[in-house]
Amino acid sequence: MSDQYSLEDQESSVRLRQAWDNVQARLRSEVTAAVFERFLKPLRPLRFEEDAAVFVAPGTFVHEWVKEKYLAKLQTVVSDEVGSPIRIDLRLEAREKPADDMGGLTLGPAVVADGPGRFKPVEKYRFDTFIVGASNRLAFAGAKAVAADPGSKYNPLFIYGSPGLGKTHLLHSIARKILERDPQFAVAYISAQQFAEDFVHALQTNRIDQFRRSQRNVQVWLVDDIQFVAGRDKTQEEIFHTFNHLQQTGKQIVLCSDRPPRELFLMDERLRSRFESGLVADIQPPDTETRCAILLSKAKQEGIDLTHEVAMILAEGVPGNVRILEGALTRVAAQASIDDGVLSPDLARGILERHYRSEGLARPSFNQIVDAVSRHYNIATDEITGISRKAPIAHARHVAVYITREITRDSWKHIGSLFGDRDHTSMMHAYQKVSELVARDKDLAATVRNLIRNLYPEI
Ligand code: ADP
Ligand code: MG
C-alpha cells in the first residue's frame, strides 16, 4: 500500500508535517524534556485520513506508552493546531519494511493498523503455541470453538484467571484464526482500559456517535481485562449497551478478566449476569508437567537448546506464573550464551539459587503478609488475625484479607480459616470493602500497592 500514494496523499502528508512542527513546539513545553525526547519526538506524522491524523510509532514500547499516556494530549493539541477535531490514529511501524524516503516527503511506511476491524494479533500468540493442560483445557476449547464459528456457540465466552496465565494469548489466537480464514472479518480487540479512555475522550470531544459506531460495527468483539471497568459507572453503562447491541445482532463477544463474574464486585449486576450467560471458563496455574511443556515449546520457538532435564528443573523451581517462567528461560539462555553456550542442569540450578530461591519471588506466605501489614499499621499480628472490632484493627485486618486474596487467590473458605476460622462471607465482605476504598482513596491504593510490592522484592 505504501507505494501507491496519490498527489492528494502527498499534500496531506505535507500539511500534517507542517502542523506537526507547531504541535511539537507546544508539546515540548507541556511535558518533561525526557518524556518529549523519548516518546513524542520519535513519532512520525504520516498524513490525514478523513477525520484522523495518522502517526507512526517506531516500536511497540513507544506505541503503547503514547497510546496509554499521551494520546488525549496529542489529540487536543493537534485538533487545536488544525482548527477542527482530529482523531489520532497511531500505528506501529512494521519492522520488516523500512520506510521509503522519497524527495524529502514522509511517505507511508508499511504500517500495522490497529483500529477496530483491522486488528493485527501478536505473531507468537497462536493456538498452536498454546500448551494445553488440565489447568486451561476448558478455556482453550471454548476459544477454539468460538474461532471456528463466531457467534454461534458460546456467546459470550468469559475467560478468567490470574495474570500471566495466557488470557491475552487466547484472545489473540482467536483473532488470528478468524483472520487467517477471512482477512476481511471485522475483529476488534480492545482492553477495557483503552475502551474507558476512548470513551471518555469521545465524550469530551463530542464524538460519541463515532465511538459507538467503531465499537458496534464489528463481528467479533474481544475485550481484555474487563475487571478494569468495575466501579466506573459511565463506562460500564456504555459497555452494557455495546454488549447488548452485539449480542442481539448475533456478534461474537469474548471477555477476559482476572476473576469470575461473581467476584467483579463493583460491576453492575446486569453486566455480571450477562457475562455469565454464555460459557465461563477459568484458567488455573499450570501443573509442573504443563509448565515443562510450555518451556520446551518456547525454547523451540526461540531456537534455544533446552533438554527435558533442564526444563523440568526450571518448571519445578521457578515460582509464579507463565510470564515469570518465560523470563527464567530467557535468563538461563542468556547466561548460557555468556558462558560456554551450554545450558546445563548446573547452570539452571545456579540461576534458580541466585534469582528465584530468595524468599522474595516465591509467593509470599500468609505470615509474611500479616507481618507486613502489622509493621505498616503498627498493630500486633495476633490482633490482625484476632477478633477485636476496634476500627483501626479491623481496618488493618481487612487490608490483610484483601492482600491475601490478591496474592494467593485462595478460596474464601481457606482465607477464613487463616484468619482464625472466620466465616467465608465475612472474608468476602472485608475484601469488597477494601476494593471499594482503594477505588476511591488514592492514599490507601498506594499503601496497598507498596505493601504488595514489598512482598516481592525481586520484581
Ligand atoms: P494474561 O493475559 O493471562 O495475563 P498472557 O496471555 O499475557 O497472560 O500470557 C503471559 C505469557 O505467558 C505470554 O507470553 C504467553 O504466551 C505465555 N503463556 C501463558 N500460558 C501459556 C500456555 N498455556 N502455553 C504457552 N504460553 C503460555
Ligand atoms: Mg492479559
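The legends below describe close-up views of one predicted model.

Residues are numbered from 1 along each chain as its sequence is written, and chains are lettered from A and ligands numbered from 1 in the order in which they are written. Because the model is predicted, local features need pLDDT of at least 70 and side-chain atom pairs count only at pLDDT 80 or more, while totals for chains, interfaces and linings use all residues; side-chain values use heavy atoms, with hydrogens and water left out.

**View 1. The shell around ligand 1.** Ligand 1 is surrounded by 18 residues, where a residue is near a molecule if one of its heavy atoms lies within 4 Å of it. The closest are Ile131, Gly164, Lys167, Thr168 and His169. By class, the shell holds seven nonpolar, seven polar and four charged residues. In this sorting, Ala, Val, Leu, Ile, Met, Phe, Trp, Tyr, Cys and Pro count as nonpolar, Asp, Glu, Lys and Arg as charged, and the others, Gly among them, as polar.

View 2. Glutamate 326 takes part through its side chain, with an N or O atom 2.8 Å from a ligand oxygen atom. Taken alone, ligand 1 exposes 560 Å², and the protein buries 95% of that. Accessible areas come from the Shrake-Rupley method with a 1.4 Å probe; for residues, only the protein chains shown count as cover. Helix H5 (167-181), helix H10 (288-302) and helix H12 (322-338) are the elements that give two or more residues to the shell. Helices (H or I, at least four residues) and strands (E, at least two) are DSSP runs, numbered from the N terminus.

**View 3. The second largest pocket.** This pocket holds about 230 Å³ of space. On a 1 Å grid over the protein atoms alone, a pocket is an open set of points with protein on both sides within 12 Å along at least five of seven lines, where a 1.4 Å probe fits; lining residues have an atom within 4 Å of a point. Grid points are joined across faces, edges and corners, and the volume is the space filled by probe spheres set on the points. Helix H16 (391-408) and helix H18 (424-440) each supply at least two lining residues, and H18 gives the most, with four. The lining includes Arg389, His398 and Met427. It divides into four nonpolar, four polar and three charged residues.

View 4. Most residues other than glycine have a negative phi, and most peptide bonds are trans. The bond from asparagine 155 to proline 156 is cis, with omega near 5 degrees. Proline 156 sits in the loop between helix H4 (137-148) and strand E5 (157-161). Glutamate 50, in the loop between strand E1 (44-49) and strand E2 (52-57), has a positive phi of about 50 degrees although it is not a glycine. Its relative accessibility is 83%, so glutamate 50 counts as exposed; exposed means over 50% relative accessible area, buried under 20%, and partly exposed in between (1.4 Å probe, protein chains only). Asparagine 206 has a positive phi near 65 degrees and belongs to the loop between helix H6 (192-204) and helix H7 (208-216). At 74% relative accessibility, asparagine 206 is exposed.

**View 5. Residue pairs separated in sequence.** Isoleucine 174 lies in helix H5 and is buried, because its relative accessibility is 0%. Isoleucine 174 and leucine 222 are 48 residues apart in sequence and 8.9 Å apart in space, C-alpha to C-alpha. Lysine 73, in helix H3 (residues 60-82), is partly exposed at 29%. Between the C-alpha atoms of lysine 73 and leucine 27 there are 8.5 Å, with the two residues 46 apart in sequence. Arginine 15 belongs to helix H1 (residues 7-30) and is partly exposed at 48%.

Key:
A polar contact is a pair of N or O atoms within 3.5 Å; within protein, one must be able to donate a hydrogen and the other to accept it, and residues adjacent in sequence count only if both atoms are side-chain atoms.
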